[in-house]
Amino acid sequence: MKKNKMYHLVCGILIISVAASISVSAGTAKRKVKPVTRYNTAETAAATQAATQAQEKKTAVAQNGVYHLSENSKYRPYLWKNADGSAPDYKAYVFEPKVFNGHTVFVDPGHGDNSAPEANQKREKYYPVDDSLLKSMKTSMVGAKAYGVGVEARDSKNVYDKIETEPEFSLKVALKLKDLLINNGYRVVMSRTDFNQNISNGARSAIAGETSDIMVSIHSNTGKNSGTLSFYPGDSDYISGSTYPGYTNIMGLTKSNVELSKKLAENMESNITMTTGLKNKGTHSAVLRIFSYSSIPTCLVEVGFADNATDAKILSTKKDAIATSMANAIDQYFNK
Ligand SMILES: [Zn+2]
């Protein structure tokens, strides 16, 4: 993500999504999930919920493997625009498995080309709602301040072998994860498949909401620290240390989605750290742009610190293990 706390904020920046082309049956959505008591109650309830949610299938209508954000997305007014005010082509890439297991996963390789206009232009709102709604949240991010920089990333090479920047790392891991998931029967939607692609964080999340059941955003950290951090949406922001009362509610993030997001983040944290040896620095709630544009369970993982030699070596040499642990975390999430 970024170099400091503010950077984290910018990096994960909001997301919202559009309900437009999501085909969620009202009947299924309202179905009560009966908690099953075995192991940890909360964990099992979340897993049951996730499995149930799988039945609410989304129909990603892709043309030649490309999905375009729907024209009537409620997030469009808040998303990054071209310099002339026109809307860019917000698109993502869809990969179908041989036999679909009913779950679609949005894999977001954080960032992209830092020279892309999306990376630096202050054009996208942190919170995709009218400023007046943010009063109770006690945030100063309203008016002109509500518009953040795009998806700028750490572009210094890691300290271990000086080979990779953050966008390069996240893409390599994401492509491996995509292959693993497809082999396991998941449909995968990716915000980018190439280094040159770099749509805004809001657009990534908005498209995820239209196409997918869950979203995983992959990042690497800096800040002279060590270990893996996993984030999910919540009113309390671990990164800034502040609390934003009503944040999840104002953004339309349901209690169910917050709980499932936490479960997903916890799965990521435990699997990645157990598999790679990276230190477990915990699962925390955060207020990020990529969360604010989200209508589905979502998490953001800072796999390790690229400016720490021990972490950077793992980031550089253990990508298969990192991707495998993420795929296992997703399997666990869906109770497979
Ligand atoms: Zn990042």
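**Sheet, helices and loops**

Mentor: In this predicted model, helix H6 lies across E1, E2, strand E3 (104-109), E6 and strand E7 (214-221), and the helix runs at about 170° to E3.

Trainee: How many residues of H6 are buried?
Mentor: A residue counts as buried if 20 or more other C-beta atoms lie within 10 Å of its own. The buried residues of H6 include Asn 201, Arg 204, Ile 207, Glu 210 and Thr 211. Helix H6, which spans residues 201-211, is mostly covered, and the number of its residues that are buried is eleven of eleven.

Trainee: Which strands stand at the edges of the open sheet?
Mentor: Eight strands make up this open sheet, in which the pairing is mixed, and their order is E1-E2-E6-E3-E7-E12-E8-E11. Each edge strand has a single partner strand, so one side of each is left without a neighbour in the sheet, and these edge strands are E1 (66-68) and E11 (280-286).

Trainee: What is the average twist from one strand to the next?
Mentor: The sheet in question is the open one of eight strands. From one strand to the next, its twist averages 25°.

Trainee: How many bridges join E3 to E7?
Mentor: On the side of E6, strand E3 pairs in the parallel sense over four bridges, and Thr 104 stands opposite Arg 187 there. Strand E7 also runs parallel to E3, with Asp 108 opposite Ser 217. The number of bridges that join E3 to E7 is five.

Trainee: How do H5 and H11 pack, and at what angle?
Mentor: Two packed helices are described by the angle between their axes and the distance between the axes. For helix H5 (residues 166-183) and helix H11 (residues 319-333), the axes are 9 Å apart and the packing angle is about 50°. That angle makes H5, relative to H11, oblique.

Trainee: What is the handedness of the crossing, and how many nonpolar residues does the contact have?
Mentor: The crossing of H5 and H11 is right-handed. Among the residues that make the contact are Val 173, Leu 177 and Leu 181 of H5, together with Ile 322, Met 326 and Ile 330 of H11. By class, the contact of H5 with H11 has four charged residues, one polar residue and, as the number asked for, nine nonpolar residues.

Trainee: Is Asn 64 buried or exposed?
Mentor: Asn 64 has its place in the loop between helix H3 (41-53) and E1, and although it is not a glycine, its phi is positive, at about 50°. Since a residue with 12 or fewer other C-beta atoms within 10 Å is classed as exposed, and Asn 64 has 6 C-beta neighbours inside 10 Å, Asn 64 counts as exposed.

Trainee: What is the value of phi at Lys 138?
Mentor: Most residues other than glycine have a negative phi. Lys 138 lies in the loop between strand E4 (124-125) and strand E5 (147-148), and Lys 138 is exposed, with 12 other C-beta atoms within 10 Å. Its phi is positive, in a residue other than glycine, and the value is near 55°.

How values were computed
Residues numbered from 1 in each chain as written. Predicted model: local features only at pLDDT ≥ 70, side-chain atom pairs only at ≥ 80, totals over all residues. Helix = DSSP H or I, 4+ residues; strand = E, 2+ residues; numbered from the N terminus. Pairing = 2+ DSSP bridges. Axes fitted to C-alpha atoms, helices over the stretch in contact; angles between N-to-C directions. Contact = placed C-beta atoms within 7 Å. Parallel < 35°, antiparallel > 145°, perpendicular 65-115°, else oblique. Left-handed = near helix turned anticlockwise from the far one by under 90°. Nonpolar A, V, L, I, M, F, W, Y, C, P; charged D, E, K, R; others polar.
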